[in-house]
Structures are given as C-alpha cells and as structure tokens.
Amino acid sequence: MSSRPAPLIPPRLRAILVRIPFLVRIVRFLRRGPLARDRNLLITLSVTTLLLGFLSARVSSEWFSPSLFILVTLVGGLQLRLRSLAVLLCSVFAALGTIAVLLGPRHLTPGMLVTLGFTMVLAVLMARTRGKLGVQGLRGDAMLLELRDRLKRQGDLPALPKDWGSRVVLKQAGGSSFGGDFLVSTRNGSILDIALVDVSGKGVDAGTRALMLSGTFGGLLGSVEAFLPACNAYLHRQPEGEGFVTAVHLRLDLSTGAYEITSAGHPPVVKFDAGTGTWQVSAAKGVVLGVVPDLHCEPDSGVLHKGDALMLYTDGLIEQPGRDIDSGLDRLLGEAERLVPSGFQSGARPLVDSMSAGHNDDCALILIWRP
C-alpha cells in the first residue's frame, strides 16, 4: 500500500497563502515555462550581484568584497544558458560601476579586475559548451565519465573456466582515460569471442570514435556469424574522412581449444607453442575496415593445447618512428620470451611497458593461455 508524501506546506497555511493575489502571481510566474529554473536562477544571481555591489559601496568593502563577483560568475557559467549569463554579466558590470562611482576606482584593484575578466571568459566558454551539449551544470562531464567507465567495463573479458587464463593490458597515450584502442568480448557457453580494435589517431582525439564504435561492435560481436564483414559494412556506410579502423577477431572454443582468427589490417596474432617453446606468427590477413564494400578475410585456425597461448596486440607495441614494423615485431617476440619464465599473468604488463617506452601511442595487449 503506497502512501503519499507529506506536503511541504500545511493545508491550513496553504489556504491562507492562496488568498494573497500578488503572492499567487509570483508563484505562477516562477513556475511558468520550460526554462523556469534558468530564469529563477538568473533572477537570484542578478539580485545577489546588485545587492553585493550596494553593500560593498554603502556598508563595508571588506565584508562584501567585489571579488565575490567571481563566485557569482562561476555559478552562472556552470548553470545558466548563454543568454542568461550575458544578462548576469551586465549585472556584474552595473555593480562594479556602482562601486567605482560611490567609492572611487581605487577600490577595484587591477588584479581583481583581471581575475574577474578571466572568470567571465571562462564562464562564457562553459556556457557555450553546455549549450551545444544541451545539459546543465557538470552533467556533460558526468556523461563522459560514464561512457569512459562503460568502455573500460567492455574491456574486461568474461569469466573463463579454471583451466584457462587471460590478461588484458590497455595503455592510452599520454596517460589519458580515452584512447583509440578498445576491446569487446562475449561468451556464449563454451564459445568465447574477442575483438581488439584500433581506431586511427591516439589519445582523446581517437577516444570519441572509439566510444561510438565500441557500442556498435559490441552489439555485432556474437550476434552475426561474419563479425568483421558486418563491421566493415557499417563503417562503409559512414561519411568519408573518418579515418581507418583495424581489428582482429578471435573465436575460441574453451572446451576443445580450437580457435579461428580473422584480421582486417591488424598486426598479426602470435601463438606460443609449448611443444617447441617458440612464438609463431598467424597467417590471418584482411583489408582495413571501411575501405572496400565487400571485405574478404583469410582466416587462420588451430588448437591451443596445454601450455599454449595466444597474444593479440595493437600497432602501438611494434610501430615506432624511423623503425620498420617487421623489426618491431621481431623485438616484440624477443621480449615475449620473458613471459615464459615469469608466467603470462605477471609478464604482460612489463612487456607493454618495455615495448611502449620511448614513444607516445595507444597500446593494447591480450593474452589467452591454457595452463
């Protein structure tokens, strides 16, 4: 049985207040229109600004310092629309003018005026950005953080059986929270699907496309049989000039160890063969996504036995300015030899740190092994 919340105003007091005509009109005015919150805040801040200017000029410029206008301007920049902010700034100028006339210009120090001017410019920029996003306050930043957290959650592999191991290392350029390398994965019974995607660019510049594509590719993974061709068809329908996208798709049967690898312009997957103790380069090939209408991939397949491992990575680990990609791949395989003595779990992060040292690029590494 639901209960109604207690009214904010007691019924008897409400009956008395509604008999006051001007009070009812004020309440209706404050509630009228879709922008009532913005208008009410503008009125509050403008009145506060003018009141501060009067108190500073007539009561005390120490207790009611003109520097308080900086706080009012910041609140307006965070909450008001651009037009409303312009009205508030006019109120600030009017209050400053009142102080200058009644007390003299010496009470408005150059340092305070410069700081206030900088705050006004910052408030205008914040209001313009929020106007483009259509949000208020810091909601735009919160939405971006939510998208970042969702992208990170997609980078977590599903829980694997106890006779399997996995390790994922993502390192974005410049220590940013966003980058062009992302991972999507899904598990349906004993079938594990993993896609490692590399968007052109690095850091925040590529992060926006990565956020968009991660949702699309995540929905396609496990839902279509030909994953990379479906991704290619989606990208081919997008406007030109969006940059290229490379990807590699791994489908692994956790019950038998059988796997199939398809690649679209991505660096080759490498496999560790426990029988020979060497790393072998996969032969899977394909064109970069979004270039041709019909994508044709040459898959590579095999079986992971006890002690074997697969390593998927992005070109940030092997590409360096002035160095050939093949030499970068050879160096990666050489550094990967350290994974065997120390174990795949503990050796993945040192491998990424070693390969990415000396250059600033997004890097990603995925290890799947069978202990």
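Asp193 is buried, at 5% relative accessible area (buried means under 20%, exposed over 50%, partly exposed in between, with a 1.4 Å probe and protein chains only). Its side chain meets that of Arg251 in a salt bridge, 2.7 Å from N to O. A salt bridge here is a side-chain nitrogen of Lys or Arg within 4 Å of a carboxyl oxygen of Asp or Glu. The pair links distant parts of the chain: Asp193 sits in strand β3 (residues 191-199) and Arg251 in strand β4, 58 residues apart. Helices (H or I, at least four residues) and strands (E, at least two) are DSSP runs, numbered from the N terminus.

This is a predicted model: local features need pLDDT of at least 70, side-chain atom pairs count only at pLDDT 80 or more, and totals for chains, interfaces and linings use all residues. Residues are numbered from 1 along each chain as its sequence is written, and side-chain values use heavy atoms, with hydrogens and water left out.

## Other salt bridges

The count comes to four salt bridges. Arg251 also forms one with Glu225, with the closest N and O atoms 3.3 Å apart. Glu225 lies in the loop between α8 (203-220) and α9 (227-236), 26 residues from Arg251. Glu225 is exposed, at 67% relative accessibility.

Asp353 and Lys171 pair at 3.6 Å, N to O. Asp353 is in helix α12 (residues 344-356) and Lys171 in strand β1 (residues 165-171), 182 residues apart. Asp353 is partly exposed at 33%. Lys171 is partly exposed at 30%. Salt bridges that share partners join Lys171, Arg349 and Asp353 into one network.

## Thr246 in strand β4

Thr246 belongs to strand β4 (residues 245-253). It is buried, at 6% relative accessibility. Its side chain makes a polar contact of 3.1 Å with that of His266. Such a contact is a pair of N or O atoms within 3.5 Å; within protein, one must be able to donate a hydrogen and the other to accept it, and residues adjacent in sequence count only if both atoms are side-chain atoms.

Beyond neighbours within four places in sequence, Thr246 is in contact (heavy atoms within 4.5 Å) with residues including Leu196, Asp198, Ala264 and Val288.

## Annotated spans

An unreviewed UniProt entry annotates "transmembrane region" at residues 40-57, 63-80, 85-103 and 109-127. Residues 63-80 are 67% helix and 0% strand, with end C-alpha atoms 27 Å apart. Residues 85-103 are 100% helix and 0% strand, with end C-alpha atoms 27 Å apart.

Notes. UniProt positions renumbered as here; feature names shortened; annotations may be inferred.
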